[in-house]
Amino acid sequence: MNKEKKLFARDTIGTTSMMLDVIVALSPVLIWGVVAFGLRALAVVLIASASAAIAEALMRLILRRKLRFTDLGAIVSGMLLGLTLPASVPFWIPAVGGAAASVLKQAFGGGRCPFNSVAAAHVILHFAAAPAMSYFTAPFEWLPITNVVSVAPFRTPLEIIAGGAMPSQSVLELFLGKGGGAIGEISAVFILLGGLYLLYRRVISWHIPVAFVGAAALLFGFLPQSVDVTGYVFGELLSGGIALAAVFAATDFSATPVTAPARLIFGAACGALTFGVRFYTGSCDGAFAALFAVSLLARPLDMIFSGSRFGSAYKKKNAALLSKLKADK
């Protein structure tokens, strides 16, 4: 197959096929979350996914748009939103969060969105239910599916790092998913494997994840620390939502730049703002809040770089996908 045919095959890949690939890539992350926190973690993600799908269907009926029964975008949004939550959250939180992600996206057209709807829903939940969103439990101590009120809270590695100390887990243990945190944020190794799968399938490009993580690593590395710098940097990167946001959320093609230079700047801005939120506000995470803020710049960045040589070439490669998004509105 010559180069032109390869590019055409990639550009014309169906949305359903792409979403199936994302679900496949996210599945090991979810499985590890269930291993760590029990069936309640699965229930949280399923509720978020079902709520997102139902809300999308209702919004499209209200707005008199064609229903898309084969489009799995809402399922992916709900699944990703659920993975950003602690397993201990009340079930109304994933239900509201999944619905919010779909409602926000459909309200702004349903195709290309002016912001990342999953990140926006995550931020909304933090404002609406901050205590529940910050209540983590120990991994590998399975939670009851119904009542978790009596379960003791657990200080996550990121909370310990934010307090100026280093967690008891080694860098390798954090990478393998033996720390604590949200359902899908503790398994860096499975997030990485999922990202490599999506790169192989050409669902995502390397620009945003590499720039996101790279910018955050550089900024954290320049901070003067009383602890081991390498351990500190990896602790920041492997704890919290940086990996999940960089690989899966920030690469959502409906709310990210199209041109390659813009994607590099977009990813670097996400990493830099995540650093700023964690370091200057005292927040334990900030990755999804940073992504939400930077996603507002996706279209302006494309406007800046679409006329450049490399930007124009990359934009042509994505023309078929953008056309499909517009047709799906």
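The model is predicted: local features need pLDDT of at least 70 and side-chain atom pairs count only at pLDDT 80 or more, while totals for chains, interfaces and linings use all residues. Residues are numbered from 1 along each chain as its sequence is written, and side-chain values use heavy atoms, with hydrogens and water left out.

Rolling a probe the size of a water molecule over the atoms shows where empty space is left. A cavity is a set of points, on a 1 Å grid over the protein atoms alone, where a 1.4 Å probe fits but cannot get out. Grid points are joined across faces, edges and corners, and a volume is the space filled by probe spheres set on the points.

The largest cavity has a volume of about 380 Å³. Its lining, meaning the residues with an atom within 4 Å of a point, comprises 31 residues, and Met19, Gly73, Val76, Lys105 and Asp252 are those that lie nearest the centre of the largest cavity.

Helices are described here as DSSP runs (H or I, at least four residues), numbered from the N terminus. At least two lining residues of the largest cavity come from each of helix H2 (15–37), helix H4 (73–83), helix H5 (92–107), helix H6 (117–128) and helix H13 (242–249). H4 gives the most to this lining, with five residues.

By residue type, the lining of the largest cavity divides into 15 nonpolar, 10 polar and six charged residues. In this division Ala, Val, Leu, Ile, Met, Phe, Trp, Tyr, Cys and Pro count as nonpolar, Asp, Glu, Lys and Arg as charged, and the others, Gly among them, as polar.

## Salt bridges

Side chains of opposite charge can pair when their charged atoms come close. A salt bridge is a side-chain nitrogen of Lys or Arg within 4 Å of a carboxyl oxygen of Asp or Glu. By this rule the count comes to three salt bridges, and they are set out below.

| Salt bridge | Closest N to O |
|---|---|
| Arginine 201 and aspartate 21 | 3.0 Å |
| Arginine 278 and aspartate 285 | 3.0 Å |

Salt bridges that share partners join Glu236, Arg278 and Asp285 into one network. Buried means under 20% relative accessible area, exposed means over 50%, and partly exposed lies in between (1.4 Å probe, protein chains only). Glutamate 236 and arginine 278 are buried, and aspartate 285 is buried as well.

The salt bridge of arginine 201 with aspartate 21 links distant parts of the chain, with arginine 201 in the loop between H10 and H11 and aspartate 21 in helix H2, 180 residues apart. Arginine 201 is partly exposed at 36% relative accessibility, whereas aspartate 21 is buried, with a relative accessible area of 4%.

## The nonpolar surface patch

Leu192, Leu193, Leu196, Leu199, Trp206, Val210 and Leu264 make a nonpolar surface patch of about 630 Å². Such a patch is made of residues with over 30% relative accessible area and no salt bridge, with nonpolar side chains (Val, Leu, Ile, Met, Phe, Trp, Tyr) joined within 5 Å. Accessible areas come from the Shrake-Rupley method with a 1.4 Å probe.

Helix H10 (residues 188–200) contributes the largest share of the nonpolar patch, four residues. Tryptophan 206 lies in the loop between H10 and helix H11 (207–222), and this tryptophan 206 is partly exposed, with a relative accessible area of 44%.

## Individual residues

Arginine 202 is also found in the loop between H10 and H11. Arginine 202 is not a glycine, yet has a positive phi of about 60°; its relative accessibility of 45% counts as partly exposed. Phenylalanine 140 likewise has a positive phi, near 70°. Phenylalanine 140 is placed in the loop between helix H7 (130–133) and helix H8 (157–162) and is partly exposed, with a relative accessible area of 39%.

Glycine 38 sits in the loop between H2 and H3 and is buried, at 0% relative accessibility. Although glycine 38 and glutamate 141 are 103 residues apart in sequence, their C-alpha atoms are 7.8 Å apart in space. Glutamate 56, in helix H3 (residues 39–62), is buried with a relative accessible area of 9%. The C-alpha atoms of glutamate 56 and isoleucine 75 are separated by 9.7 Å, and the two residues are 19 residues apart along the chain.

Notes. Patches are made of residues with over 30% relative accessible area and no salt bridge: like charges are joined within 9 Å, nonpolar side chains (Val, Leu, Ile, Met, Phe, Trp, Tyr) within 5 Å. On a 1 Å grid over the protein atoms alone, a cavity is a set of points where a 1.4 Å probe fits but cannot get out, and a pocket is an open set with protein on both sides within 12 Å along at least five of seven lines; lining residues have an atom within 4 Å of a point.
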